[in-house]
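Keep the structure in view as you read.

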Amino acid sequence: MRLLKRLATLLWAGTLLVIGCVLFLVNPDTVKVDLVWLEIPETSLSVVLFVTFFIGMITGNTMFFIASLFRTTRPQTLND
């Protein structure tokens with residue numbers, strides 16, 4: 001069962017990587033990101049999407065790690 005989950009995760013990550021590469025190669029549109037405190041010059045839309053996805057992954061993993069540090073009970077193991 002664990003092998004199947006790992007294969008599904010690997011397939012999902014590979015699919016996202018391929019979609020990102022296709023967006024990068026096919027999408028020539030440029031966007032200008034203008035935040036309140038930061039203005040980024042015109043950049044490819046695929047680069048902006050990739051950076052946003054990467055920041056979201058880092059933020060999610062950091063929050064999960066911090067939450068796991070404060071866990072008070074041990075998780076129960078399931079019999080696979």
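Start with the helix pair. The axes of helix H1 (residues 2-26) and helix H2 (residues 45-69) come within 9 Å and cross at roughly 150°. This is a predicted model. How are H1 and H2 oriented to each other? Angles over 145 degrees count as roughly antiparallel. H1 and H2 are therefore roughly antiparallel.

Next, look at the side of H1 that touches H2. From H1 come Leu16, Leu23 and Phe24. They meet Ser46, Val47, Leu49 and Phe53 in H2. Sorted by class, this contact of H1 with H2 has six nonpolar residues and one polar residue. It has no charged residues.

Now follow H1 on its own. H1 has 25 residues. From its first C-alpha to its last, H1 reaches 36 Å. That is close to the 36 Å expected at 1.5 Å a residue. How many of the 25 residues of H1 are buried? The count is zero, and H1 is hardly covered.

Step back to the whole chain. The secondary structure comes to two helices and two strands. Along the sequence, the pattern reads α-β-β-α.

What does the overall form look like in numbers? The C-alpha atoms fill a box of roughly 50 × 30 × 10 Å, taken along the principal axes. The radius of gyration is 18 Å, whereas a compact globule of 80 residues would have one near 12 Å. Of its 80 residues, 4% count as buried.

Leucine 10 lies in helix H1. Is leucine 10 buried or exposed? The cut-off for exposed is over 50% relative accessible area. Leucine 10 has 60% relative accessibility, so it counts as exposed. Its C-alpha atom is separated by 18 Å from that of isoleucine 58. Along the chain, leucine 10 and isoleucine 58 are 48 residues apart.

Tryptophan 12 also lies in helix H1. The relative accessible area of tryptophan 12 is 56%, and therefore this residue is exposed. Between the C-alpha atoms of tryptophan 12 and phenylalanine 70 the separation is 30 Å. Those two residues are 58 residues apart along the chain.

How values were computed
Residues are numbered from 1 along each chain as its sequence is written. This is a predicted model: local features need pLDDT of at least 70, side-chain atom pairs count only at pLDDT 80 or more; totals for chains, interfaces and linings use all residues. Side-chain values use heavy atoms; hydrogens and water are left out. Axes are lines fitted to C-alpha atoms, for helices over the stretch in contact, and angles run from 0 to 180 degrees between N-to-C directions. Helices (H or I, at least four residues) and strands (E, at least two) are DSSP runs, numbered from the N terminus. Angles under 35 degrees count as roughly parallel, over 145 as roughly antiparallel, 65 to 115 as roughly perpendicular and the rest as oblique. Contact means heavy atoms within 4.5 Å. Ala, Val, Leu, Ile, Met, Phe, Trp, Tyr, Cys and Pro count as nonpolar, Asp, Glu, Lys and Arg as charged, and the others, Gly among them, as polar. The expected span of a helix is 1.5 Å times one less than its number of residues. Buried means under 20% relative accessible area, exposed over 50%, partly exposed in between (1.4 Å probe, protein chains only). The radius of gyration is taken over C-alpha atoms; the globule rule is 2.2 Å times the number of residues to the power 0.38.
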